[in-house]
Amino acid sequence: MTALLTTEGLQMRFGGVVAVDGVSLAINEGELRCLIGPNGAGKSTFFKCLTGQYKPTAGRIFWRGKDITALDPFAIARLGVGIKTQVPSLFDGLTALEGVCLCRHSSEAEAKRRAMRALERLGIGALANRRVGLLAHGQRQLVELAMVVAPEPDLIILDEPTAGMSTEETNRAADLIRELNQQHAIVVVEHDMQFIRAIARTVTVFHQGRVLMEDSAATVFADPRVRDVYLGKAVA
Amino acid sequence: MTVNVRTALQIVAALIVAGLAAWLLPQYLELFTLINATVFVSMGLLALSLGLIWGFGGILCFGQTAFFGIGGYTYAVAAINFGDTTWAVPLALLVPTAVAAALGYLMFFGRISDVYMGVITLTTTLILFKFANSTAGDQWTIGTAPLGGFNGIPGTPPLNFPLDPSNQLAPEQVFVVAVLALGICYAVAKLILRTRFGRVAVAIKENELRAELLGYDVRLHKLGLFAIGGFMAGLAGILFANCVFVSPTMFSLSYAGQVIIWVLVGGIGTLVGPVIGCMLIQALTTYAGTLSAIDPNLLLGVLFMLAVVVVPKGLLPTATTILLRLMRRGEP
Amino acid sequence: MDYAVVVALQIVSGVATLVIVSLGLAVVFGMMRVINLAHGEFLMLGGYTAILASGQGVNLWIAILVLPPIAVGIIGAVVERVLIRRLYGRMIDTMLATWGLSLAFIGGVTMLFGNSVTGISAPLGSFEVGRFHVAGYDLFLVAASVAMSLAIWIVLKFTPAGLIARGTMQNAEMAAALGVPPDRVYALTFTAGAALSGLAGGLIAPVSGVLPTMGTAYIAKAFITVITGGAAMLTGTLVASGLLGSVLTIFTFLTTPVFGEVALLVVAIVLLRLLPRGITGRFLRRAL
């Protein structure tokens, strides 16, 4: 079976700094994968390589076996990849429904149907006609998520979805992501350990631009190296 | 739904106003005033073209006059050579559109920033200005049309009825054509903004990254809108050539600056605003020109600075806000 | 042989002129990320200062080299206080406001001095290279461009103000967090940029003649040079001037001055398609 998304020796270098250094990993259909690591581990840079915002300085990215390393973000999105950025990226001047309706689809009626369904799936159907710029932070996160899921992508990539959320909201987000996972493969880039615990699936740990380990959540949390990384001790 | 109704009403209203103006004004205005009014209308179309791409596409074009001038010059040269304006008009629409597309390709596909875009477009029009100024003399003829350097082409032929070169339009008829062109372009712009292409273009202005992550090719949408702006500016140039004549002034820094002022004063993010702003400021500078105590450039410059500092949103949006506030206060 | 020498001299002086007219703009752009659209009018005001001063019997060198930067520097400081300061952080609005300023200066000066060319004759005569005459003042302009660049380099590299300037160029927020008030940095930058533009106006006045719209003859070239150069104000301007100045002069030689400028624009646009953040956005990034 070919994996959905694979990277091979991905490297991203900024001047003298190597932010991502030879990362190879594979995401399978229907998988829910967490990428964790302390600040500066290279997670976000890796995310931007996956989404086409950065062009990696070495290595390759494959989508169902096809090389997509050189594609621009819009072309990657068109393959069926939904992308949510860390800071909510929205159309503040539009209503939630109008914004979600902008997703690509076959017809206007289809767009509206899908948009409404996406909003309802995320429990914000009531906000459909509210101006996005006037919504609270948590609601904005959900609107953005609705834009991501509306085209029903095969894979969703989320960058720190719980940033700025309360504990309660974080737990709810974890439930939501597990539920979305029933239909989409998901990659979550996160550094909030509590959130990862709540999701509890396969975890890839980044450290200094490389993959430190990749295993089930339980094993990863039990590993002393991971604890050291998060507490800032150097890895021997 | 309500948005569609409102768009439809605005379009109908604009077409009615244009129709009334085309019908009534030629009956009441003196010829000289009517020709001046035609100039205003052609400038209004130029303002509309910039209002569309800047206000709704976020494209910072400081040299919209480049397409205005190219449209005018192409029209004049083609009309002189063909001896008939029937095919000169489509050619004079095609050339500025193509130039806008080519320039847009280089700018948008290079993904250069706003500041650079402003400078590149401004420089383009300034260099065209210099080029047009340097075309005095016999070696600068295209076919049978001398470009005329600083003096331009005073003998720019007026429009004729299609395929009937001997039957030229009278100034009154040119005015009617200009007013209808402005009304139709406004309607077309409104309609474009309601299509998916238009809504995506507006979305790109709001948030380029999000539009891109939704799978839209940002560069292509900007290019398309920019080319449409070039088309409308070219049409404005043809109309201008019909009531004045083409000369390097069409490319000049002062014209390029004026278009920006019209849009700024009228209000970025509206389509009527820039046209109104254009009419007001044109009227003001024309009046100042008759005073001769104040240099029109000084007046324009001061207005420009005031527009940026005092009413950055533009007159129309500011006036609307104030009006709404007053109306709300009036309610019990 | 003589011809080659003369052509080479022309290219060098073309590059030098481009450096001179671009540096003031480059300083403001490099530090504030703002294109001052009134740059051309700062040149024009510098030119008028030189003309008026020499008309009053002031020594020519003082009229060209000393008074214009002082006068235009003061004007720049006032403009910064009254106009630019209100628009910090709004780069596009700043550009628009300076455009208004540009029109206002053109209009104001036209009212004061009329719309006609005045000039002063270039000092230093000419010397012979084989069969050709070369103006001594052209060589002086080359020397002046080198001196101006060197002065900026020394200020940036070796003075405390230069250190702050370099810090602000790298990261304005960080510099502000370290206790450098950004508005004072910007005020000084704008004043210094204006003074440099004024000096440039004084320097070119004897070659170009002076009239209210003389700025427009130079701004297109200066804008293009600065944005092609990219973020590093000095290196960028020098490299871009070297490249574009050569293109300009060579095409001017082969065809006409207008086609020289058209070639300059085309080269610059294609270059920006390839290097969207200018030459120093890609190469020589650590340069000043």
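This is a predicted model: local features need pLDDT of at least 70, side-chain atom pairs count only at pLDDT 80 or more; totals for chains, interfaces and linings use all residues.
**Exercise 1. Chain contacts**

Find which pair of chains shares the most contacts, and describe the side of chain C that takes part.

Solution. 
- Step 1. Two pairs of chains are in contact, and the pair with the most contacts is B and C. Chains A and C do not touch, with 10 Å between their nearest C-alpha atoms.
- Step 2. The contact of B and C involves 37 residues of chain B and 35 residues of chain C.
- Step 3. On the side of chain C that touches chain B, helices α5 (91-113), α10 (214-229) and α12 (257-274) of chain C each give at least two residues. The largest share is that of α5(C), with 17 residues.
- Step 4. By class, this side of chain C has 23 nonpolar, seven polar and five charged residues.

**Exercise 2. The other contact**

State how many residues of chains A and B meet, and which elements of chain B supply two or more of them.

Solution. 
- Step 1. In this contact, 16 residues of chain A meet 14 residues of chain B.
- Step 2. On the side of chain B that touches chain A, α7 (196-206) and α8 (208-213) of chain B are the elements with two or more residues.
- Step 3. That side of chain B is made up of seven nonpolar, two polar and five charged residues.

**Exercise 3. A sheet in chain A**

Solution. 
- Step 1. Strand β1 (residues 5-14) of chain A is joined to β2(A) by eight bridges in the antiparallel sense. In one bridge, T7(A) has L25(A) in β2(A) as its partner.

**Exercise 4. The fold of chain C**

Compare the radius of gyration of chain C with the globule rule.

Solution. 
- Step 1. Chain C contains 13 helices and two strands.
- Step 2. Its radius of gyration is 19 Å, and the globule rule gives 19 Å for 288 residues, so chain C is as compact as a globular protein of that length.
- Step 3. Of its 288 residues, 50% count as buried.

**Exercise 5. Two packed helices**

Describe how helices α4 and α9 of chain C pack.

Solution. 
- Step 1. Two numbers are needed: the angle between the axes and the distance between them.
- Step 2. For α4 (residues 67-82) and α9 (residues 182-208) of chain C, the angle is about 145° and the axes are 7 Å apart. The crossing is right-handed.
- Step 3. Residues in the contact include P68(C), G73(C) and E80(C) from α4(C), and A187(C), F190(C) and G202(C) from α9(C). By class, the contact has 12 nonpolar, eight polar and one charged residues.

**Exercise 6. Positive phi**

Locate E152(A) and Q208(A), and decide whether each is buried, exposed or partly exposed.

Solution. 
- Step 1. Most residues other than glycine have a negative phi. Phi of E152(A) is positive, near 50°, and that of Q208(A) is also positive, about 50°.
- Step 2. E152(A) sits in the loop between α5 (137-149) and β7 (155-159) of chain A. Q208(A) sits in the loop between β9 (202-207) and β10 (210-216) of chain A.
- Step 3. A residue is buried at 20 or more C-beta neighbours within 10 Å and exposed at 12 or fewer. E152(A) has 14, so E152(A) is partly exposed. Q208(A) has 17, so Q208(A) is partly exposed.

Terms used
Residues are numbered from 1 along each chain as its sequence is written. Chains are lettered from A and ligands numbered from 1 in the order in which they are written. Two residues are in contact if their C-beta atoms, placed from the backbone, lie within 7 Å. Two strands pair if DSSP finds at least two bridges between them. Helices (H or I, at least four residues) and strands (E, at least two) are DSSP runs, numbered from the N terminus. Ala, Val, Leu, Ile, Met, Phe, Trp, Tyr, Cys and Pro count as nonpolar, Asp, Glu, Lys and Arg as charged, and the others, Gly among them, as polar. The radius of gyration is taken over C-alpha atoms; the globule rule is 2.2 Å times the number of residues to the power 0.38. Axes are lines fitted to C-alpha atoms, for helices over the stretch in contact, and angles run from 0 to 180 degrees between N-to-C directions. A crossing is left-handed if the near helix is turned anticlockwise from the far one by less than a right angle, and right-handed if clockwise.
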